Amino acid sequence: MYKDFVDDLYEKFHEELINNDYIHFAGDTTVIKVPNVTKTKEEFPVEEGQPARARLSTFADVNNGYIFDAKIVEKNTSEAELAIQHLNEIKKRYENQKMSVTYDRGYNSFDLIFTHLDLNIDFLIRLKDSTLHKEIERQMTCDDEIIRIPINNSITRAITDDNLRKKYEKELFLDLRVTKVEITPPNGKTYIETLLSTFSMDEFTKEDLKHLYNLRWTIETDYDVLKNHLELENFTGQRRIIIEQDIYSKI
């Protein structure tokens, strides 16, 4: 029902809600407390001796705040795996719409990158210091340029979809944009973040990408509203189906 509501909203108010022909999403997860009882632990398995927890993963429109897709799963499910599921879902629902997704460091995954390329959905990922470190160090001569990433066996082995792996095993390299931006948090100490993306330099400036990354905070705000205002973790039952109903109704 919530997906039907969001889809209907964006169909009726498309011009007001779409930003420069794009829907810009942010993807992120949060760990939530579920009833700490045997029944719930059976349906949301955790390690022995650990309290009952689950993982909520969402894609939210960073310009308007609406959550487009959400999944409540076992706590140990990887963030990149969940993002791939979201991508396939939104591509079905918005096949011809230009879209992008911004991620934080937990999503440094070539499996996710290749899925984006295959679905023709742009991405912006904040890189860990170790990710593509050698390629960036060797190739970059300024703070915003395209680098060439060789596609080797270690990269293609990370692709979980067999058809996708076979497709990209035939390719020799990827050309992706790397942008270094200055971020100044509230404490006033400026630091450099490295962003990996598919955005065209003709369409998006360095400042555009910095602004888009900063908009990722929208999804954190959504989680704050869900947990602290709508009391997301206050469940009406212990079974998985009841927990799912409570969560999706609040979303």
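Student: Where does Glu89 lie, and what makes that stretch a helix?

Tutor: Glu89 lies in helix H4, which spans residues 79–93; helices (DSSP runs of H or I with at least four residues) and strands (DSSP runs of E with at least two) are numbered from the N terminus. This is a predicted model, in which local features need pLDDT of at least 70 and side-chain atom pairs count only at pLDDT 80 or more, while totals for chains, interfaces and linings use all residues. Residues are numbered from 1 along each chain as its sequence is written, and side-chain values use heavy atoms, with hydrogens and water left out.

Student: Why is Glu89 called partly exposed?

Tutor: Buried means under 20% relative accessible area and exposed means over 50%, with partly exposed in between (1.4 Å probe, protein chains only). Glu89 has 21% relative accessibility, and therefore counts as partly exposed.

Student: Which residues does Glu89 touch, leaving aside its neighbours within four places in sequence?

Tutor: With those neighbours left aside, Glu89 is in contact with Lys3 and Asp69, where contact means heavy atoms within 4.5 Å. Helix H4 itself lies across E1, E2, E3 and E4, and runs at about 140 degrees to E3; for such angles, axes are lines fitted to C-alpha atoms, for helices over the stretch in contact, and the values run from 0 to 180 degrees between N-to-C directions.

Student: What is the order of the strands in the open sheet, and what makes two strands a pair?

Tutor: Two strands pair if DSSP finds at least two bridges between them. The open sheet has eight strands in the order E3-E2-E1-E4-E5-E8-E7-E6, with mixed pairing. Its edge strands are E3 (67–74) and E6 (144–150), each of which pairs on one side only. E1 and E4 run parallel and are joined by five bridges, and Tyr22 has Lys98 in E4 as its bridge partner.

Student: Why does Arg53 count as partly exposed?

Tutor: Arg53 lies in strand E2, residues 53–61, and its relative accessibility is 23%, so it counts as partly exposed. Not counting residues up to four places away in sequence, Arg53 touches several residues, including Ile32, Phe44 and Lys75. Ile32 in turn is one of the residues that touch the most other members of the largest nonpolar core, which has 72 residues. Such a core is a set of buried Ala, Val, Leu, Ile, Met, Phe, Trp, Tyr and Cys residues joined through side-chain atoms within 4.5 Å.

Student: How do you know that the buried residues of H9 are on the same side?

Tutor: In helix H9 (residues 206–214), Leu209, Leu212 and Tyr213 are buried. They cover an arc of only 100 degrees around the axis, and therefore lie on the same side of H9, the arc being that of the directions from the helix axis to the C-beta atoms. What covers these buried residues includes strand E7 (173–183) and helix H10 (217–229).
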